[in-house]
Amino acid sequence: MAKNKAFPTAAAFLPKERTLPTLQHASKFCQGCDLYLRATQTVFGEGTKNAKVMLVGEQPGDKEDVEGRPFVGPAGRILDEALAAAGIARSDVYVTNAVKHFSWTPDERGKRRIHKKPRYSEIQACRPWLDAEIEAVHPEVIICMGATAAQALLGKEFSVSRQRGTAVPSDLAPFVMATVHPSSILRAREDRHEQMQAFIRDLIVAAKQIHKLRRAA
Ligand code: URA
Ligand code: SF4
């Protein structure tokens with residue numbers, strides 16, 4: 001990218017009144033970066049404004065792009081399983097992504113759409129939606145799942161492998177933490193079970209926080 005060229009941004013597409021329903025509606029028309037051109041639809045976050053926990057993934061996958069809802073594909077099944085194991089109720093959770101449109105490239109035969117990591121400029125462009133979601137939900141706990149979400153919210157230098165499962169000082173919420181992305185568990189081979197257990201352990205750290213904050217309230 002040229003040195004002085006500003007990042008594209010979703011900012012102009014955000015509505016004046018920022019409730020979850022108005023945000024979700026406005027996000028359908030976002031052209032804040034080029035990703036909308038090749039995706040089926042915007043996949044906004046899902047959950048109630050009373051959610052205690054916000055989970056942030058990377059971007060919708062193929063299934064999410066078609067259905068228009070976050071984490072309804074294979075990664076979503078891993079996530080649901082881990083949340084249940086950690087004792088976190090789905091009704092306590094707001095689930096969203098750092099980037100709201102599916103970024104993909106065709107496979108060699110042009111038959112399948114392969115997930116393509118969003119560019120840093122696209123993550124930056126989409127950030128106003130994520131900020132507005134955080135403002136509307138006001139979660140007590142934010143969990144960044146994977147490097148993209150962590151870098152979007154915690155900075156480019158953040159390392160998930162080194163800093164996972166522990167509190168990160170942040171103004172975004174009383175308790176902010178990063179862990180792996182559930183897709184990394186899908187990709188794991190022989191140590192899949194251990195990786196799932198480690199993911200659950202990280203989610204339990206967050207679950208304890210919710211209980212602690214609740215007791216203090
Ligand atoms: N991976 C993500 O990061 N988000 C989804 O919604 C689905 C898969
Ligand atoms: Fe807008 Fe985000 Fe979609 Fe880019 S990815 S067009 S910024 S909603």
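**Strands, a helix and a ligand site**

Modeller: In strand β5, Ile 142 is the bridge partner of Met 54. Please note that this is a predicted model, in which local features need pLDDT of at least 70, side-chain atom pairs count only at pLDDT 80 or more, and totals for chains, interfaces and linings use all residues. Residues are numbered from 1 along each chain as its sequence is written, chains are lettered from A and ligands numbered from 1 in the order in which they are written, and side-chain values use heavy atoms, with hydrogens and water left out.

Biologist: How many bridges join β1 to β5?

Modeller: Strand β1 (residues 53–57) and β5 run parallel and are joined by four bridges. Two strands pair if DSSP finds at least two bridges between them. Helices (H or I, at least four residues) and strands (E, at least two) are DSSP runs, numbered from the N terminus.

Biologist: And which residue stands opposite Cys 144 in β6?

Modeller: That residue is Ala 178. Strand β6 (residues 175–179) pairs with β5 in the parallel sense over five bridges.

Biologist: Which residues are buried on the two faces of β5?

Modeller: Val 141, Ile 143 and Met 145 are buried on one side, and Ile 142 and Cys 144 on the other. Buried means under 20% relative accessible area, exposed over 50%, and partly exposed in between (1.4 Å probe, protein chains only).

Biologist: Now helix α5. How many of its residues are buried?

Modeller: Six of the eight residues of α5 (residues 147–154) are buried: Thr 148, Ala 149, Ala 150, Ala 152, Leu 153 and Leu 154. What covers them includes β1, α4 (120–137), β5, α6 (160–163) and β6. Just after α5, Gly 155 has a positive phi of about 110 degrees.

Biologist: What does Ala 82 touch?

Modeller: Ala 82, in helix α3 (residues 74–86), touches Met 196, Phe 199, Ile 200 and Leu 203, leaving aside residues up to four places away in sequence. Contact means heavy atoms within 4.5 Å.

Biologist: Is Ala 82 buried or exposed?

Modeller: Ala 82 is buried, because its relative accessible area is 0%.

Biologist: Last topic: which residues are around ligand 2?

Modeller: Among them are Cys 30, Cys 33, Tyr 36, Lys 100, His 101, Cys 126 and Trp 129. A residue counts as near a molecule or strand if one of its heavy atoms lies within 4 Å of it.
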